[in-house]
Amino acid sequence: MKKVFAIALGIVTAIGGFLDAGTVATSGEAGAKYGFGLIWAVILATIEIILLVEMVGRFTAVSQKTYADAIREKFGFKFYLFPLASELIAESLLLAAELGGVAIALSLLTGISWHYLFPVAAILVLILVWSASFDIIENGPALLGLVTLSFLVGVILLGPPKLSLLQTLWKPPIQQGQFADYLYLVAAILGATISPYLLYFYSSGAIEEHWSGKSLLLNRVTAIVGMGFGSIGSLALLILSAIVLRPLNMQAGTLGEIGLAMAKPLGIVGGYLFAVALFSTCLGAALEVVLAVSYNVAQGFGWEWGQNQKPVQTARYYAFMIVFLLVAVIIGLLGIDPLQLALFASTVIALFLPVSLSPFLFIMNDPAYLKDKTNGWFDNTAIILILLIAFAVAVVSIPLEIITGGG
Amino acid sequence: MNKTGFSLPVLVLLALLMWTLAGCQFTQSPFALAVSSAGAEFAAAATTLSYVHSGKISTQYARASFVNYRSQLDGLDQQLPSQQGASGGASVAHLLAFYKVAIRAVDNPCLEASCNWQAQVAALNSASQAFLKAAGS
């Protein structure tokens, strides 16, 4: 019974915790600009994250090591600094976007400008990472995040899409001069979904929850069912934007606009549901990013770490959390719109994916860590292909977006 | 060094330069991009105003949204004339005329029933259409 409960909780929290500022921003903008023409990218990203989450859970359950531990051990400390540097750059941008997402959500509920609420969001995250246990951080916002399933209700209430919109599934409406923007969104969708912080968070969480070889079933079911169903929120948001915002000539340039797509089928309740969904998913993601990067640094430098220990026992781990949060606050205070920041952060993550995840592939094929549970050819091929796609579209689209002022 | 005398980094840089130049063909000009984004923001503002008066969103939601629309449109009137790809003074002046009327609605959106919100929606929609048309031309 305890095992069934653990699996159910794992699935539910994976579904509720799937979205974040990046996935909300990319899904909303993708639907509004290109109809159903980027659904393929969401599906591709979902397959990739299912594979990666299953792998990192399997790795930790079998080896009893975290991902950061393994990189340092196998490749040495100097090499470890490369993926660490890419993580610090990309995730500090992402954390600023997540804090902005929390602030925008509170703003949509209260009417107060998000600029004033940004520090409130940062303080809320600081209080939670300082005082809450791992279970609360992992499960609390994710359970609240189940409200994202209301996006699916919205899609059902809107009824079937028009044939012309359906055709965008295989023939994306890319106007002349928009191809770079289309690629930029592909990169952002892949980067938003395949955030490497999830691997550090998931593997450290598996240690915090004392996973063992017996946890492999829980790991596999959580990865496949939880992440698979979690992507429903992302797909539903894309479909809502395509059906509601696109015909109104909107491009989902701000997070609040995306919520208007929920207001059409559900009225005033739809707006509130969107704001609550944005709040819970961005808060959950902000907490996970802070923890994941702090875990990574603490494990890499050999410090004491653990969310279930008191700050006095793991002083450097908690001190780093504060510094990292401060960096994100400084980025956020530059006043960049959270949606634009989320898109940029997601594309930067896509650009860094090969640096972040290549060591993981080597580790996943090392029997010294995984015994007879190493990767098969399908896992390896799928991961390499999707990483290359993400890197290629990011490396092409980022300079072009910056040159034209779109990024 | 290879037979042509170019080192690998130089070749990579040349390839990147050619790629960037070729990229001009599948990117919009900064002017078209700015105008298109502004048109979409005006459309969003018009929809927000219509939705709040038909009870589909709360006043708080609308107020928060307008703060964001203002940020997105901030400084556009100064940027447009100097943007690369701007299609002549007359065209920019035409757009700025729409901008001036619509931005007043964005600055002071009529969120209560006591003022003429329909006129603001009409101004925002007109500006949206003008900007989107300019982006496509």
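Reader: What average pLDDT does chain B have?
Author: This is a predicted model, in which local features need pLDDT of at least 70, side-chain atom pairs count only at pLDDT 80 or more, and totals for chains, interfaces and linings use all residues. Residues are numbered from 1 along each chain as its sequence is written, while chains are lettered from A and ligands numbered from 1 in the order in which they are written. The pLDDT is the predictor's confidence in each residue, from 0 to 100. In chain B, 77% of the residues score at least 70, and the average is 84.

Reader: Which element of chain B has the lowest mean pLDDT?
Author: Elements are DSSP runs numbered from the N terminus, helices being H or I with at least four residues and strands E with at least two. Helix H3 (residues 59-73) of chain B has the highest mean, 95, and the lowest, 58, belongs to helix H1 (residues 8-23) of chain B. Where pLDDT is low, the predicted coordinates should not be read in detail.

Reader: Which helix gives the largest share of the side of chain A that touches chain B?
Author: Contact here requires C-beta atoms, placed from the backbone, to lie within 7 Å; 32 residues of chain A are in contact with 35 residues of chain B. Elements giving two or more residues to that side of chain A are H5 (77-110), H10 (179-193), H13, H14 (268-301) and H18 (377-404). The largest share, 5 residues, comes from H13(A).

Reader: How many residues of H13(A) are buried?
Author: A residue is buried if 20 or more other C-beta atoms lie within 10 Å of its own, exposed if 12 or fewer, and partly exposed in between. Among the buried residues of H13(A) are Glu257(A), Lys264(A) and Pro265(A). The helix is mostly covered, and the buried count is 12 of 12.

Reader: At what angle do H2(A) and H12(A) pack?
Author: Axes are lines fitted to C-alpha atoms, for helices over the stretch in contact, and angles run from 0 to 180 degrees between N-to-C directions. The axes of helix H2 (residues 21-34) and helix H12 (residues 216-245) of chain A are 7 Å apart, and the angle is about 35 degrees.

Reader: Is Asn249(A) buried or exposed?
Author: Asn249(A) is found in the loop between H12 and H13 of chain A. Although not a glycine, Asn249(A) has a positive phi of about 65 degrees. Because there are 20 C-beta neighbours inside 10 Å, Asn249(A) counts as buried.

Reader: Is Lys371(A) buried or exposed?
Author: Lys371(A) lies in the loop between helix H17 (367-370) and H18 of chain A, and its phi is positive, near 50 degrees. With 11 other C-beta atoms within 10 Å, Lys371(A) is exposed.

Reader: How far apart in space are Tyr369(A) and Met321(A)?
Author: Tyr369(A) is found in helix H17 of chain A and is partly exposed, with 19 other C-beta atoms within 10 Å. Tyr369(A) and Met321(A) are 48 residues apart in sequence, and their C-alpha to C-alpha separation is 29 Å.

Technical notes:
Contact = placed C-beta atoms within 7 Å.
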